[in-house]
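Student: I would like to learn how to read a model like this one. Can we take it feature by feature?

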Amino acid sequence: MKMEIVACLSFLMTKKINIEDTLLSLGYRLSDRGSYWQTNALFRNGDNKTALQIYKDSGVWKDYVNNTAYMPFEKLVQATLGTTDSDLISSSCSFVDSFEFKTFKNLPKPMEKTYDPSCLERLLPHFDFYTQKGISDSVLKLFKCGLCTEGKMYQRLVFPIYNLQNKIHGFSGRDMLDSENRPKWKHIGVKTKWIYPHHLSSDYITDQDSVILVESIGDVLNLYSNGIKNCLCIFGLDISPSLISYLIQLNPQKIIISLNNDDDKQLNRGLAASIKCFYKLISFFNYDKVVIHPPSKNDFGDMDQLDIKNWLNKLDLIMKSFDYNYILDNSKILYKSQNLTQSLNSKINKFKKIINNE
């Protein structure tokens, strides 16, 4: 059975499916909701016209009545037809004329640049910057970082970034000169593809069925030094599609957004970014899986052992009973930061209806 499904999916992926025409030909009556359609679940004789949510651009869908995970379009076709026979499925699908995309199909896929691990041998184990902040040598060695004394990362403490095949595909370097003329962090590689440090954290995320999302490597280091290892770094204020895809695969029970706490500033950019990340994530996860719990100080690097312990105790309470009115109350910060797009405004209004049981 598994081989048949794999063969079927492989077959469909070689052609570009016209999602709307295929759904209509299968008997679905679609209600247009902007970026997606809603319809009833024909494959189980459902009559709830809002049960299925199907995205127009990808066909990715979810059965809200049965509370399924998001699944690829091909699985919906299989379920509707009740078969994995590739010939039958192909004959039931509408495909885009090959002329419409033939100019793209033969383009070579660009190879991701990776680096030989031997390059790390040139990094020096000068860890004073972080050991003075309470990060142990053992943690820093675990992350295989070191001081670079030449090239683009001159006088930066450099951290290698590993892809999902455990090959180095980038570097992130913390400035050691504290110069106003140099950015605090410098990155080499495609940052939007980074999932860091998955090679160290993935087992802890799976075991604890939760993940903590933080802004920088410095936050990760302090959490690791305090025994908290189910964390990932988003390298800034937004969650990349690659990271979302990775989280969908892991499907943790809880996602904790813990970006910087800028409440001492006129505009709390960390909170504004956290709210935006929340609305982005609930497009793929049930909203009650996602909570916001910022550091008690500006970031985790500013927190000592007692601060971390108190933060954890509060997190236990938040994970049991998070007040989602906190999200709605603080969504107004997006108006102040001028980060409110039409799409985001729509998500806020939709979430407001959910919380108010409208």
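Tutor: Start with the surface. This is a predicted model, and its accessible surface comes to about 19,800 Å². Carbon and sulfur atoms hold 49% of that area.

Student: How many of the residues count as buried?

Tutor: The protein has 358 residues, and 44% of them count as buried.

Student: What are the secondary structure elements, and how many are there?

Tutor: There are 15 helices and 12 strands.

Student: Which residue follows helix 10, and what is its phi?

Tutor: Asparagine 251 follows helix 10. The phi of asparagine 251 is positive, near 50°.

Student: Now helix packing. At what angle do the axes of helix 11 and helix 15 cross?

Tutor: Read the distance and the angle together. Helix 15 covers residues 342-355, and its axis comes within 10 Å of that of helix 11. The two axes cross at roughly 75°. That makes helix 11 roughly perpendicular to helix 15.

Student: Which residues meet there?

Tutor: Helix 11 brings Lys276, Phe278, Tyr279 and Lys280. Helix 15 brings Leu344, Lys347, Ile348 and Phe351. By class, the residues of this contact divide into 5 nonpolar, no polar and 3 charged.

Student: Next, single residues. Is leucine 200 buried or exposed?

Tutor: Check the relative accessibility against the cut-off. Buried means under 20%. Leucine 200 has 17%, so it counts as buried. Leucine 200 lies in helix 8. Beyond its neighbours within four places in sequence, leucine 200 is in contact with Leu142, Phe143 and Tyr224. Compare sequence and space as well: leucine 200 and leucine 232 are 32 residues apart in sequence, and 9.6 Å apart from C-alpha to C-alpha.

Student: What does serine 201 touch?

Tutor: Serine 201 is also placed in helix 8. Its relative accessibility is 0%, so serine 201 counts as buried. Not counting residues up to four places away in sequence, serine 201 touches Tyr224, Lys229, Cys231 and Leu232.

Student: And where is arginine 44 found?

Tutor: In the loop between strand 2 (36-39) and strand 3 (52-55). Arginine 44 has a relative accessible area of 29%, so it is partly exposed. Setting aside neighbours within four places in sequence, arginine 44 is in contact with Ala51, Asp63, Val65 and Asn66.

Student: How are arginine 44 and threonine 80 separated?

Tutor: They are 36 residues apart along the chain, and their C-alpha atoms are separated by 8.2 Å.

Technical notes: Residues are numbered from 1 along each chain as its sequence is written. This is a predicted model: local features need pLDDT of at least 70, side-chain atom pairs count only at pLDDT 80 or more; totals for chains, interfaces and linings use all residues. Side-chain values use heavy atoms; hydrogens and water are left out. Helices (H or I, at least four residues) and strands (E, at least two) are DSSP runs, numbered from the N terminus. Axes are lines fitted to C-alpha atoms, for helices over the stretch in contact, and angles run from 0 to 180 degrees between N-to-C directions. Angles under 35 degrees count as roughly parallel, over 145 as roughly antiparallel, 65 to 115 as roughly perpendicular and the rest as oblique. Contact means heavy atoms within 4.5 Å. Ala, Val, Leu, Ile, Met, Phe, Trp, Tyr, Cys and Pro count as nonpolar, Asp, Glu, Lys and Arg as charged, and the others, Gly among them, as polar. Buried means under 20% relative accessible area, exposed over 50%, partly exposed in between (1.4 Å probe, protein chains only). Accessible areas come from the Shrake-Rupley method with a 1.4 Å probe; for residues, only the protein chains shown count as cover.
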